[in-house]
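Here are my notes on this model. Please read them with the coordinates open.

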Amino acid sequence: QVQLVESGGGLVQPGGSLRLSCAASTSVFSSYVMGWYRQAPGKQRELVATITYGGSSNYADSVKGRFTITRDNAMKRVYLQMNSLKPEDTAVYYCNARRLVSTYWGQGTQVTVSS
């Protein structure tokens, strides 16, 4: 069982930045592919970005060039730096940990982009 706790969400104006953080409670953090997903009201949950232990990352087209995912394996944390935020980025952002057939989710953190 892996527990994931997100933090860092909030209200930001268009064009602003936020940094999300996710802390994982597992002794084998390095074996998990970590990711961020988001779900806007009335929409399905969608992939934002993923990162492997070695640092290989993958992004949704909608966030490429604006968001950056990183991980600190020693601290068992994964981060999402979000720049140039747009109103359409408004959603609940979820941290995800995946290994083989197992997947775990955090409770989510709200990000609202509005003037």
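This is a predicted model: local features need pLDDT of at least 70, side-chain atom pairs count only at pLDDT 80 or more; totals for chains, interfaces and linings use all residues.

1. Where Arg71 sits. Arg71 belongs to strand 7, which runs over residues 67-72. The residue is buried, yet it has no salt bridge. Asp72 carries the nearest side chain of opposite charge, and that is 8.4 Å away. A salt bridge would need the side-chain nitrogen within 4 Å of a carboxyl oxygen.

2. What the Arg71 side chain meets instead. Which backbone oxygen does the side chain of Arg71 reach at 3.1 Å? That of Ile51. A polar atom of the Arg71 side chain also lies 3.3 Å from the backbone oxygen of Thr52.

3. The disulfide. The count comes to 1 disulfide. Cys22 is joined to Cys95, with an S to S distance of 2.1 Å. The link of Cys22 and Cys95 is left-handed, at -85° about the S-S bond. Cys22 lies in strand 3 (residues 18-25) and Cys95 in strand 9 (residues 91-99), so the pair ties together parts 73 residues apart in sequence.

4. Burial of the cysteines. Are the two ends buried or exposed? Cys22 counts as buried because its relative accessibility is 0%. Cys95 is buried too, with a relative accessible area of 0%. The cut-off for buried is under 20%.

Note on methods: Residues are numbered from 1 along each chain as its sequence is written. Side-chain values use heavy atoms; hydrogens and water are left out. Helices (H or I, at least four residues) and strands (E, at least two) are DSSP runs, numbered from the N terminus. Buried means under 20% relative accessible area, exposed over 50%, partly exposed in between (1.4 Å probe, protein chains only). Lys and Arg count as positive and Asp and Glu as negative; His and the chain ends are not counted. A polar contact is a pair of N or O atoms within 3.5 Å; within protein, one must be able to donate a hydrogen and the other to accept it, and residues adjacent in sequence count only if both atoms are side-chain atoms. A disulfide is a pair of cysteine sulfur atoms within 2.5 Å.
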